[in-house]
Amino acid sequence: MSDAWQLVHAERRALIAYLEGVDDARWDTPSLCPGWRVRDVVAHQISTANTTRLGFVKGMILARFDFDRDNQNGVDRELGPAAQMLDRFRALVDRTSGPPAPLDTRLVEAVVHGEDIRRPLGAVGEYPTEAVERALRLQARTGKGMGGAKEHVAGLRLRATDADVTLGDGPEVTGPLLALLLAVSGRTVGLEELGGQGLPTLADRVG
């Protein structure tokens with residue numbers, strides 16, 4: 001397997017390169033994350049890139065151990081004009097710090113949030129198969145309470161149609177690997193690209 005940080009750094013650079021061509025006004029487009037604009041998701045990416053284990057603990061204490069509040073606090077700290085935020089993101093692009101969580105959570109953040117940003121702006125990212133597969137496998141074994149999708153995929157078999165990736169047992173859900181990751185991560189836009197006998201169950205769970 002590739003080093004996870006190499007994959008994360010490559011995705012950060014790709015996202016920055018894409019955003020350099022998006023004018024500031026379009027950063028206020030609603031993202032795929034309910035309640036967050038594209039600008040907010042970028043701010044979240046900057047915040048998490050700058051997070052250390054100790055910083056995460058301090059942030060959770062300040063947020064009274066409310067994970068959503070801690071995320072919003074991080075977003076609020078990093079909001080600003082697009083050019084300023086991109087400068088900040090570039091300065092953090094090669095950071096290798098993060099919260100006390102499995103390293104592949106950084107891949108989930110990079111890929112899923114990359115699409116949270118791109119798709120509302122009319123684009124779709126291109127990601128290495130390994131990055132998407134590792135993100136999907138982590139989501140499938142991580143409970144929703146920790147940001148995962150274990151409950152969404154329980155009793156289902158996920159099979160990618162564009163990669164040699166199959167997970168789980170049960171009624172099958174098939175489609176592109178990226179769409180599978182987005183769908184199980186609660187992005188219903190991914191459901192539009194999927195099929196199989198297990199799709200209604202998955203759609204009901206994430207809808």
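Buried means under 20% relative accessible area, exposed means over 50%, and partly exposed lies in between, using a 1.4 Å probe and protein chains only. A49 counts as buried, at 0% relative accessibility. This is a predicted model: local features need pLDDT of at least 70, side-chain atom pairs count only at pLDDT 80 or more, and totals for chains, interfaces and linings use all residues. Residues are numbered from 1 along each chain as its sequence is written, and side-chain values use heavy atoms, with hydrogens and water left out.

A49 sits in helix 2. Helices here are DSSP runs of H or I with at least four residues, strands are runs of E with at least two, and both are numbered from the N terminus. Contact means heavy atoms within 4.5 Å. Setting aside neighbours within four places in sequence, A49 contacts R12, L92, R95 and S97. A49 and D94 are 45 residues apart in sequence, yet their C-alpha atoms are 8.7 Å apart in space.

T48 is also found in helix 2. T48 is buried, with a relative accessible area of 13%. Not counting residues up to four places away in sequence, T48 touches S97, R106 and E109.

D40 belongs to helix 2, which covers residues 38-49. The relative accessible area of D40 is 6%, so D40 is buried. D40 touches G35, V75 and L79, again not counting residues up to four places away in sequence. D40 and D24 are 16 residues apart along the chain, and 13 Å separates their C-alpha atoms.

## Two domains

The protein is divided into domain 1 (4-121) and domain 2 (129-206). Such bounds come from an automatic or database domain assignment. The C-alpha centres of the two domains lie 23 Å apart. Their contact takes 15 residues from domain 1 and 14 residues from domain 2.

## The nonpolar cores

A nonpolar core is a set of buried Ala, Val, Leu, Ile, Met, Phe, Trp, Tyr and Cys residues joined through side-chain atoms within 4.5 Å. The largest one has 34 residues, and L136, L158, V173, L194 and L202 touch the most other members. Several elements each supply at least two residues of this core, including helix 1 (4-19), helix 6 (105-118), strand 1 (157-160) and helix 9 (177-184). Helix 9 gives the largest share, 8 residues. Where does this core lie? Domain 1 and domain 2 both give residues to this core, so it lies between them.

L202 touches H152, L156, V173, A183, V184, L191 and L194, not counting residues up to four places away in sequence. A second, separate core has 22 residues, among them L15, W27, V93 and L121.

## Helix 6 against helix 9

Two packed helices are described by the angle between their axes and the distance between the axes. Axes are lines fitted to C-alpha atoms, for helices over the stretch in contact, and angles run from 0 to 180 degrees between N-to-C directions. The axes of helix 6 and helix 9 come within 11 Å and cross at roughly 85 degrees. That makes helix 6 roughly perpendicular to helix 9. Roughly perpendicular means 65 to 115 degrees; under 35 is roughly parallel, over 145 is roughly antiparallel, and the rest is oblique.

Which residues make the contact? Helix 6 brings V111, V112 and E115, and helix 9 brings L178, L181 and L182. These residues divide into 5 nonpolar, no polar and 1 charged. Ala, Val, Leu, Ile, Met, Phe, Trp, Tyr, Cys and Pro count as nonpolar, Asp, Glu, Lys and Arg as charged, and the others, Gly among them, as polar.
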